[in-house]
Amino acid sequence: MRFVRQFRRSQIAAGALLVAVAASDARQAAPAREPASKAAAILTWPAAKREQYIAALDSFFLTRTVKAGPHPHVLDRGRPLAAFEAGGRRANDFGRFMNDQRVRGVLVLQDGKVRLERYVPPQSAATRWNSFSIAKSITSTLVGAAIKDGYIKSLDDPVTRYIRALHGSAYDEVTVRQLLTMTSGVKWNEDYTDVKSDVAQMYAQPPDPGFDMTVSYVRKLPRESPPGSKWVYKTSETNLVGVLVAEAAGKQLADYLSEKIWRAYGMERDAEWMIDDVGHEQGGCCLAMTLRDHGRFGQFILDGARVNGQPIVADNWLSEATRTQVSTGAGTGYGYQWWTRDDGTFEGRGIYGQTLHIDRARRLVVVINSATGQPTDRSAGRARQEFIAAVQAELDAEKRRSPQEIDRDVLPLGVAVEHPLE
């Protein structure tokens, strides 16, 4: 018996050693996560490597976790959109759209129910896909929450009231509202194909000691026009919105998002938010979440940003945030970090084709995860809008046609649409 006990102890010890060695090997095999200062490199990566990053942000870069709660918001299954399913009349068009545009996940919710859900392996319901600039719309929503919570007094407050490090910069006299609408008048270049552009250089320089990386960079920029007079798309300014919320609330942005939405509303899985080299979340980019949680956020907005029936944002916030504050073209505009249209629909958008489309009239949420070859591409944007138009037409047809008529008359993919995505 003594020999048996010794033998068992030796087996346990050996097993523990093997586990320790395996864990050590795994740690050595795992790639070292990079700080945000290396993030601009993704713009030059091969498409396959970039897609790996988009699908596994927290394996490549440093992130902070946005904790989900124990009780996920249930997404019931609705009647499938049969025209897009295997064997359906639109299946081939849908398949070409996903293949040609490198779409890796599609979710369609209507009235909070799943009408269409599709993944391209190895992506699945467990994949946390990088939202890129759709994060802007989420950061904006936290402004609405911070106003309701009393952390931010007014959108007409100067930005420097909350980000004191911007005193003496071109952001003097810029308001919170102008930051939200990207009309600060501060000079900026958002060209993703130019390695010398501001969006590429923002993280390439070490921050001044004690400063957030974005704040350190933008406080040295010149003003090119009076505040409120010119719209220029600037990821930096949504990063500043994130800094502003964190400073005003006295909380890390990821923790505030968890408190107000992720745990409260009931996201199914934790999200991961990229942080800069000094540990601050990037409000303008790079919040990785599952396709279904992306859809849940859209449904949360569609339902009035409510938790247990009570809005978590200030009165009239959503109606103001999702209507045109600045015109960007015929029938299109920009709200508080949402892209808007005169037909009442609005979207969060990110480079490489990320799309969150919300249509109040149809009670519709469409999420598209993709990894297009270029950061922005008009033809790819048009293809996404054609797909959304086909979904809308299918839903409209359901209201006025018999099933047999629906199968004949739904708008085909490939028709022209008035407003391409990009």
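Hi everyone, let's start with one residue. If we set aside its neighbours within four places in sequence, glutamine 123 is in contact with Glu51, Ala55, Arg104 and Trp129. Keep in mind that this is a predicted model.

Where does glutamine 123 sit? Look at the loop between strand S4, residues 113–119, and strand S5, residues 129–130. Is glutamine 123 buried or exposed? Its relative accessible area is 12%, and buried means under 20%, so glutamine 123 counts as buried. Its side chain also makes a polar contact, at 3.4 Å, with the side chain of threonine 127.

If you'd like one example to find on screen, threonine 65 has glutamate 272 in S6 as its bridge partner.

Last topic: empty space. Rolling a probe the size of a water molecule over the atoms shows where such space is left. How many cavities of 30 Å³ or more does the structure hold? There are four, and the largest cavity has about 260 Å³ of space. Its lining has 20 residues, and the closest to its centre are Val199, Tyr203, Cys285, Cys286 and Ile351. By type, the lining of the largest cavity divides into 15 nonpolar, three polar and two charged residues.

Definitions and conventions: Residues numbered from 1 in each chain as written. Predicted model: local features only at pLDDT ≥ 70, side-chain atom pairs only at ≥ 80, totals over all residues. Heavy atoms only, no water. Helix = DSSP H or I, 4+ residues; strand = E, 2+ residues; numbered from the N terminus. Buried < 20%, exposed > 50% of the residue type's maximum accessible area, 1.4 Å probe, protein only. Polar contact = N/O pair within 3.5 Å; in protein donor to acceptor, adjacent residues only side chain to side chain. Contact = heavy atoms within 4.5 Å. 1 Å grid on protein atoms, 1.4 Å probe; cavity = no way out; pocket = protein on both sides within 12 Å on 5 of 7 lines; lining within 4 Å. Points joined across faces, edges and corners; volume = space filled by probe spheres on them. Nonpolar A, V, L, I, M, F, W, Y, C, P; charged D, E, K, R; others polar. Pairing = 2+ DSSP bridges.
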